[in-house]
Amino acid sequence: MAEAKFDELAHYDPEKVSQVDYRPPEKDWMDTKPDFRPGTWIYPAKEKNLEYIGFPNARAWSPADKDWKLPKNWKQIIHEGLKERLDKYRSLKIFMDNCVRCGACADKCHFYLGSGDPKNMPVLRAELLRSVYKNDFTTAGKLLGRLVGARPLTKDVIKEWFYYFYQCTECRRCSVFCPYGIDTAEVTMLGRELLNLLGLNVNWVMEPVANCTRTGNHLGIQPHGLKSTLEFFAEDIEEATGVAVDIPINKKGADILFVTPSGDFLADPGTFTCMGYMILFHAIGLNYTWSTYASDGGNFGLFTSHDKMRDLNAKIYAEAKRLGVKWILGGECGHMWRVINQYMDTMNGPADFLEVPKSPLTGTVFENARSTKMIHITEFTSDLIKHKKLKLDPSRNRGLKVTFHDSCNPARAMGILEEPRYVIRHAVDEFYEMPPNTIREQTFCCGGGAGLGTDENMEMRLRGGMPRGNAVKHVAEKHGVNRLAAMCAIDRATLPAVCEFWAPEVSVTGIHELVGNALVLEGEKEREVNLRLDPIDEQGQE
Ligand code: SF4
Ligand code: SF4
């Protein structure tokens, strides 16, 4: 059998990966260069993708090359780019000036815990940019240089930025512990923006951005493709339940526009979550619609630049207006909700043409969405459950011992902590929490967010996924947990590898897959198989 390569899980050994060396390097951090070994970095953006979205310096290059083919005036570009952003974003200036090196964030990053590399400490990750800021924009830095942590911008510094800003999942765990509220995720976002100016970007981010610009979704699914995908799901639903569900698409005058991450159209187990939504909407007779234009709530613009994020998100309100809906409902995604909850109202709004979301079944008015006019599916479903509008039979999920991974963005950016747990507890018989310092606001990232969920950086993904993987392993050993529920499409794509590596007895599910299986439908046949079309009596034994 051929030996597994660096981009395959089998290449790595959990025993070896878990032996992390936390001793600092012998040389000063400014004199230590990153180790660009295979498995730790992501392939650069293809020329065609940069050209399509009009980003500069499209060319063939590799981080493994000595010459990265930077524009001639690269130093000036970065200097001016940084100046522009310091003027535009007060937060950046504050983050550059306010760190007191207390170290509270140092051991809070999953990439530091999994790699032992000091430059993966949030404080030092930010210092990669701060040192250049000090050198170019502060008097102390200009006069005292290295003594005050300043260093001139060189090509090696640029390489270091590329290496470490693509080893940060922008998860914001570190910011929870910073007494000064410094958000290293935002430093990473702006560091990536600066790299974009030189044509230094990764394909795993830029291809979805190019696809989304062209078709409205990351995967490049065209309208007829989306229609047949949903029809295919409806066939599987009918096979499992005996019930034919409606598939309203681009329906003008529907009450609600439903937007979800496109990952749920393509890959298991997200596809089963998508079927769960379809069953739920059928069960309650919701007057809703899918859209082939706003066909992705996910937004890799967040991992690219503020301008790209705004442009890609604009389709949601535009489609809501065109279809004449009352309000918007959003599916189980992570970073999608960071964009919607933190930025959408001021970035693409105000959406005064929409109504404050009100459940047509319970009458609940979601005041928390007064500005965005968009609510999260777990808010909607938990409200239905609370008002006894759903008939759920948790025994349909028998054999499943479930734990819940708080996805970074809904947990830390939105505070959606109770609703998913409430829904899960009503859909399954056995639910167990992971240790307190690994859940809720302190949740550990999957290791593949912010556009890092590809294969060529598999070593870093597994290292970054180690804290989450260990917590899953803990509940698997203590309680026999065999299912990890996650309400984020990136989690559903990346956590299967993390679980296979660190806790192989556990597989991944979305919350509405559990709901879809438990939901008792009018006119259904006796359920013998679940939405995966696996026998219900054999669940959890995979
Ligand atoms: S945002 Fe997350 S990945 Fe980035 S430095 Fe902070 S803890 Fe690490
Ligand atoms: S916790 Fe905040 S102030 Fe302390 S070292 Fe980290 S970023 Fe700096």
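Figure 1. Buried residues account for 50% of the 542 residues in the protein. The model shown here, and in every view below, is predicted. Its secondary structure amounts to 23 helices and eight strands. Along the principal axes, the C-alpha atoms fill a box of roughly 75 × 50 × 45 Å. A compact globule of 542 residues would have a radius of gyration near 24 Å; the value for the protein is 23 Å, so the two agree. Take the contacts between residues at least 6 apart in sequence: 77% of them join residues at least 24 apart.

Figure 2. The shell holds 16 residues. Nearest to the ligand come Cys109, Pro122, Cys168, Cys171 and Cys174. Helix H6 (122–137), helix H9 (173–177) and helix H10 (184–197) each give two or more residues to this shell. H10 supplies the largest share, three residues. By class, the shell around ligand 1 has eight nonpolar, three polar and five charged residues.

**Figure 3. Close-up of the surroundings of ligand 2.** Here 13 residues surround the ligand. Cys99, Cys102, Ala104, Cys105 and Cys178 are the closest. Eleven residues of the shell around ligand 2 are nonpolar. One is polar and one is charged.

**Figure 4. A parallel open sheet of four strands.** The strand order is S2-S1-S3-S4, and the pairing is parallel. Strand S2 (288–289) and strand S4 (374–376) each have a single partner strand, so they stand at the edges, with one side of each left without a neighbour in the sheet. Strand S1 (residues 256–259) pairs with S2 over two bridges, in the parallel sense. Within this pairing, Leu257 has Thr289 of S2 as its bridge partner. In a regular strand, side chains alternate between the two faces of the sheet.

**Figure 5. Helix H15 against the sheet.** H15 spans residues 306–323. The helix lies across S1, S2 and strand S3 (327–330). Its direction is at about 150° to that of S1.

Figure 6. Cys212 belongs to H11, which covers residues 203–215. Is Cys212 buried or exposed? Cys212 counts as buried, because 26 C-beta neighbours lie inside 10 Å. Leaving aside neighbours within four places in sequence, Cys212 is in contact with Asn217, His218, Asp296, Phe300 and Leu312. Asn313 is 101 residues away from Cys212 along the chain, yet their C-alpha atoms are separated by 9.9 Å.

Figure 7. S5 (residues 401–405) is mostly covered, with four of its five residues buried. Two bridges link S5 to strand S6 (residues 430–431), in the parallel sense. In this pairing, Val402 stands opposite Phe431 of S6. Strand S7 (residues 483–486) also runs parallel to S5, and four bridges join them. Here Phe404 has Ala485 of S7 as its bridge partner.

How values were computed:
Residues numbered from 1 in each chain as written. Chains lettered and ligands numbered in written order. Predicted model: local features only at pLDDT ≥ 70, side-chain atom pairs only at ≥ 80, totals over all residues. Near = placed C-beta within 6 Å. Nonpolar A, V, L, I, M, F, W, Y, C, P; charged D, E, K, R; others polar. Pairing = 2+ DSSP bridges. Contact = placed C-beta atoms within 7 Å. Axes fitted to C-alpha atoms, helices over the stretch in contact; angles between N-to-C directions. Rg over C-alpha atoms; globule rule 2.2 N^0.38 Å. Buried ≥ 20, exposed ≤ 12 C-beta atoms within 10 Å, placed from the backbone.
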